[in-house]
Each structure stands twice: as C-alpha cells, then as structure tokens.
Amino acid sequence: MFKSDHNDPASPCTNTGVLVSGGTQGYCAGATEIYGLFRSTFGWNELFNTKAFSVGPLHNISFEVGADANSENTFLAPAKRDFVAGLQFAFDLPYKGYFNVSPLAYKEINHNAFDQCGLFPGSNIPGVTCLLDGNTDFHTTWAIETNYYMDLGFLPENMQYFSISGRAGWYGPKGDANSLPFLSGVGNLSNATKTELNSEPIRLTFDASKAFAGPKYSHFVDVWVAYRYWQNKFGLDHNASPGVCTVSGVSTNSCTESSLYSGITVKF
C-alpha cells in the first residue's frame, strides 16, 4: 500500500489543487494505492522426477504463472489486472544465492477515467472515440522478469549479516495507450505504448535479528535500503504522452520514477 500527500491527489482532483469540474480550484486528500502480485512455479525436475534440468549453474527450469492487481483512488482510477505465463530458468549464485530469469507472455487490462464515454462533450462512440466503462483491453505482449539474491558471505564472519537482492521486469509494447483507434496518432491525443522497465536493481539488507539474537533467528527482522527505477510507467511513453507524461512538450516527471527508500521487514 502506497499513501501519497496532496501533491498526488485523490479524486475528484485531476491535478494538485484542481477539480475535474472546469478546472476549478480544490483541495483533495492524498491518493492511496494498493498493488499486489503473485508468481508460482512448477519445477521440471520435480514434475518429471529427475535431475536432468540441473546442469552446472542451472538449478532448474520451471513453468511459471502469475498475476498482478492494482487499485488507486485518483481521478484516473487505475485498476490494473495482468496475467503472465511462461518459463523460469533458475541459476545458482555463490553464498546460497540465486538468479532467476523468466521469459513470459503478458496480458493486461486497465482503467482510465479520461477515456470513459460521457466525460467530455462531443461525439461519444464506444470503442471508437471513448471507452464505454473506461476499461482498456491491451494486446498480449512479451515480458522478461528477473530477480536475484545473495548473502555477502565473503565478509569476515563477525560481519556476515548482510545480503543483496534485486529484481527487474521488462514489458513490451501493448498497443495504443488508450485502446482507441480513432484517437491513435490524431492530434497527439493518444500514443503507442513503449517498453516498460519496472525495477529495484539493488537492495542491501542487514539481518538485525541474526546480529543481535543469533543464527536461529536469521531474517526474522531485516533492515534494508533500496533503489527503485520505473521507466515508462504503465507503458506510457515518458517523452510523448500529452496530458500525462508531458504538458506542452515539457516532461511532468510522472512517467519515470527514481527513488531511494528504506524499511523494515518482519517475519512472523
């Protein structure tokens, strides 16, 4: 769950301090977003009762399936639902580490209130100039997801409380950003989606419970710091999505995220 301040306002504000009704001034609470995902694998070594798929650093090959779900109470009211299916190749790293790479098929359905029929005056033709309920049905595309983890076992024994991990996902173009052929390329009202990169390339974790309570309690309490980078968020072209990523040709910095953050993870 992500809780924003007033600079990322909840509905009915369309922008900071601006209501949807004629652009009048208003003061809206910060938005709240909930995002969840799961991935599940079915290992070939286990399915076929063999070790044939463990060769050198290759630990296993698996079938992989998964899904994401998102909801946010902004005016756009995104409600992302996506589904993935493909393979995972799992490799061993030193110090009990691993590196996984997964080529996947990716299908997304989302919501965009700006595209909903009846919001703006003029011709409202469902599926042509507007979307009946604001739901966008994107084309199936490709995705590549990776993740890794490794203890820093090369450190002196009295400092072996640290580990590094990370993830990155690339998601291919999925069609027109608004799923409206009438608007595609017309007056810059809509643009083709671009390859999206959603990543946390590095997270440094300190195993506080192991350090203060011993190996028996390893990873019960972790303190970490991480860096996140998200380019072309939701597939929107950060250089050419008027009204969202750019205004009058100037970037709004809303379609690229670069942030440093920290936190605590507790295992129950």
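These legends describe close-up views of one predicted model.

Local features need pLDDT of at least 70 and side-chain atom pairs pLDDT 80 or more, while totals for chains, interfaces and linings use all residues. Residues are numbered from 1 along each chain as its sequence is written, and side-chain values use heavy atoms, with hydrogens and water left out.

**View 1. Arg 39 and its salt-bridge partners.** The whole structure holds nine salt bridges (a side-chain nitrogen of Lys or Arg within 4 Å of a carboxyl oxygen of Asp or Glu). Glu 64 pairs with Arg 39 at 4.0 Å, N to O. Glu 64 sits in strand S5 and Arg 39 in strand S4 (residues 32-43), so this pair links parts 25 residues apart in sequence. Strands (E, at least two residues) and helices (H or I, at least four) are DSSP runs, numbered from the N terminus. Arg 39 also meets Asp 68, at 2.9 Å, N to O. Asp 68 lies in strand S5 and Arg 39 in strand S4, so this second pair ties together parts 29 residues apart in sequence. Glu 64 is buried at 3% relative accessible area, and Asp 68 is buried at 9%. Salt bridges with shared partners join Arg 39, Glu 64, Asp 68 and Glu 145 into one network. Arg 39 is partly exposed, at 26%. Buried means under 20% relative accessible area, exposed over 50%, and partly exposed in between (1.4 Å probe, protein chains only).

**View 2. The salt bridge of Asp 82 and Lys 80.** The closest N and O atoms of this pair are 3.6 Å apart. Asp 82 and Lys 80 are both buried.

**View 3. The second largest pocket.** Its space is about 210 Å³. A pocket is an open set of points on a 1 Å grid over the protein atoms alone, where a 1.4 Å probe fits, with protein on both sides within 12 Å along at least five of seven lines; lining residues have an atom within 4 Å of a point. Grid points are joined across faces, edges and corners, and the volume is the space filled by probe spheres set on them. The lining has 14 residues, with Tyr 149, Asp 151, Gln 160, Phe 162 and Lys 210 nearest the centre. Strands S9 (141-151) and S10 (162-171) each supply at least two lining residues.

**View 4. A nonpolar surface patch.** Tyr 217, Phe 220, Val 221, Val 223, Ile 264, Val 266 and Phe 268 make a patch of about 700 Å². Patch residues have over 30% relative accessible area and no salt bridge; nonpolar side chains (Val, Leu, Ile, Met, Phe, Trp, Tyr) are joined within 5 Å. Areas come from the Shrake-Rupley method with a 1.4 Å probe. Strands S12 (221-231) and S15 (256-266) each give at least two residues to the patch. Ile 264 belongs to strand S15 and is exposed, at 59%.

**View 5. Backbone details in the loops.** The peptide bond from Ser 11 to Pro 12 is cis, with omega near 15 degrees. Pro 12 lies in the loop between strands S1 (2-3) and S2 (13-15). Ala 77 has a positive phi, near 50 degrees. Its loop runs between strands S5 (58-72) and S6 (81-93). His 219 has a positive phi too, near 65 degrees. His 219 is in the loop between helix H2 (208-213) and strand S12.

How values were computed
Patch = residues over 30% accessible without salt bridge, like charges linked within 9 Å, V, L, I, M, F, W, Y side chains within 5 Å.
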